[in-house]
Amino acid sequence: MAVSRNWIVPFLAVVAVYLAAAGLLAAFVPVQDGVRAWGAPLIAGGWMAWTFPTAMFFLTIFGILSLMAVWEYAVPGGNPRVGVLRFETTRGDRLFVSLLGSAFIHLAWLGLVGASLWWALALSVVYAIAVFRYV
Amino acid sequence: MERTWNNKAWFLVLPVLVLVAFSAVIPLMTVVDYSVQDTFGNNQFFWAGTEWFEELLSSSRFWQAMGRNLVFSAIILAIEVPLGILIALNMPKKGWGVPVCLVLMALPLLIPWNVVGTIWQVFGRNDIGLFGYYLNKLGFDYNYVQDPLDAWFTVILMDVWHWTSLVVLLCYAGLVSIPDAFYQAAKIDGASRWAVFRYIQLPKMQRVLLIAVLLRFMDSFMIYTEPFVVTGGGPGNSTTFLSIDLVKLALGQFDLGPAAAMSLVYFLIILLLSWVFYTVMTNYDAER
């Protein structure tokens, strides 16, 4: 598949914005008794009750969506193909299936194994790679 | 011919994105924020991590409500789809009967959900309700306030009364779009009534039937107002579906954290089912 446009600059721009935003969020984490309280609300009394982990979660989702946009800019057309599910999927479809499947993997892990979700995250990454490769 | 790609057109959807952000994305983000915290009011939040999700996934109350929802959806689909097809097949295709039938079929759909609930709440009462009173007169021990089976019967009957006409109208739209030439060819071949239905009408209705099944399943899986007005989720918890349970948790008990966790799981299930139905429908179109 031929890459038709220069994607390095927009890719680096997305990564830079992501890191800058993550740094900014980390700077907002309140300090309680001399330690950073990672789970405490970023804005005390704010109705949306943002915390660092939830803000990072959404920042990562927006980061992934932005990277998908860069991918589309570099190789337009969405790369439609028929995979193991035997119907046509585009890159966007594959991302959706990956994210939705990952959510269920995390829920299943919570329900069946326990609260430590690092293995569930690893499993989700493997699952997402498989989806992008074979679906 | 080489296809031209112009991604500038994406800017045209920006206003919609802004609208969706305010109506859906920001509330969804708030729910995610609440789902990992605990609050005792006054906008004070305390980190709870995945506690609410663990509690929810090990709660029999949640799985029972989910089971009730799935059973309810299966029952109403098993009744409404065949009944809708049957009525649509027997509706007149020309003459004065067409507008009369269409208006009659459209009437239940125009009634607001809470009004439907109120109608059936009164209609089913065994002291003043026409339906409940005469069922008891006929010797049936019917009391939807006390008997779980009667409550289920009433809720299902109410849903069938309210929504079968949607299936009818969709099927009817599919049926009237079949050209007469198909029926003429079937007549020449000496096809039976069943063969006409099986090989002409049913395939031509497949698309609208998929839409009907999708709409009815999603709607019944998210049902709230009608059973809440009629039974309030009772007797006991026998008609407490997921949405009713969620409202009890969020507004009745003001447990925002557990309610947010439940909302997210509910949302993910709905999202998964919508994707499955959407995929089936779009692939059916592509195959055609």
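Predicted model: local features only at pLDDT ≥ 70, side-chain atom pairs only at ≥ 80, totals over all residues.
## Basis of the model

Local features are given for pLDDT of at least 70 and side-chain atom pairs count only at pLDDT 80 or more, while totals for chains, interfaces and linings use all residues. Residues are numbered from 1 along each chain as its sequence is written, and chains are lettered from A, with ligands numbered from 1, in the order in which they are written.

## Overall organisation of chain B

Chain B has 12 helices and two strands, where helices (H or I, at least four residues) and strands (E, at least two) are DSSP runs numbered from the N terminus. From the N terminus on, the order of its elements is α-β-β-α-α-α-α-α-α-α-α-α-α-α. Along the principal axes, the C-alpha atoms of chain B fill a box of roughly 75 × 75 × 30 Å.

Of the 288 residues of chain B, 29% count as buried. A residue is buried if 20 or more other C-beta atoms lie within 10 Å of its own, exposed if 12 or fewer, and partly exposed in between, with C-beta atoms placed from the backbone. Among contacts in chain B between residues at least 6 apart in sequence, 70% join residues at least 24 apart; two residues are in contact if their C-beta atoms, placed from the backbone, lie within 7 Å.

## Helix 7 of chain B and its partners

The axes of helix 3 (residues 60-90) and helix 7 (residues 148-176) of chain B come within 7 Å and cross at roughly 45 degrees. That makes helix 3 of chain B oblique to helix 7 of chain B. Axes are lines fitted to C-alpha atoms, for helices over the stretch in contact, and angles run from 0 to 180 degrees between N-to-C directions; those under 35 degrees count as roughly parallel, over 145 as roughly antiparallel, 65 to 115 as roughly perpendicular and the rest as oblique. The crossing of helix 3 of chain B and helix 7 of chain B is right-handed, a crossing being right-handed if the near helix is turned clockwise from the far one by less than a right angle, and left-handed if anticlockwise. Residues of helix 3 of chain B in this contact include Ile75(B), Glu80(B) and Gly84(B), and those of helix 7 of chain B include Asp159(B), Trp163(B) and Tyr172(B). The contact of helix 3 with helix 7 of chain B comprises 16 nonpolar, two polar and two charged residues; Ala, Val, Leu, Ile, Met, Phe, Trp, Tyr, Cys and Pro count as nonpolar, Asp, Glu, Lys and Arg as charged, and the others, Gly among them, as polar.

Helix 4 (residues 97-110) of chain B also meets helix 7 of chain B, with axes that come within 8 Å and cross at roughly 130 degrees. Helix 4 and helix 7 of chain B are therefore oblique to each other, and their crossing is left-handed. Met105(B), Ala106(B), Pro108(B) and Leu109(B) of helix 4 of chain B make this contact with residues of helix 7 of chain B, among them Trp161(B), His162(B) and Ser165(B). By class, the contact of helix 4 with helix 7 of chain B has eight nonpolar, two polar and no charged residues.

## Chain A and its interface with chain B

The domain assignment, which is automatic or taken from a database, gives chain A domain 1 (1-76) and domain 2 (80-135). The C-alpha centres of domain 1 and domain 2 of chain A lie 21 Å apart.

In chain A, 24 residues are in contact with 26 residues of chain B. Helix 2 (52-74) and helix 3 (91-112) of chain A each supply at least two residues of the side of chain A that touches chain B. The largest share of that side, six residues, comes from helix 3 of chain A. By class, the side of chain A that touches chain B has 18 nonpolar, five polar and one charged residues.

## Local backbone features

Most residues other than glycine have a negative phi, and most peptide bonds are trans. Ala49(A) has a positive phi of about 50 degrees, lies in the loop between strand 2 (35-36) and helix 2 of chain A, and counts as buried, with 24 C-beta neighbours inside 10 Å. Phi of Asn43(B) is also positive, near 55 degrees. Asn43(B) lies in the loop between strand 1 (37-39) and strand 2 (45-47) of chain B and is exposed, with 11 other C-beta atoms within 10 Å.

A cis peptide bond, with omega about 0 degrees, joins Gly234(B) and Pro235(B). Pro235(B) lies in the loop between helix 10 (225-230) and helix 11 (242-252) of chain B.
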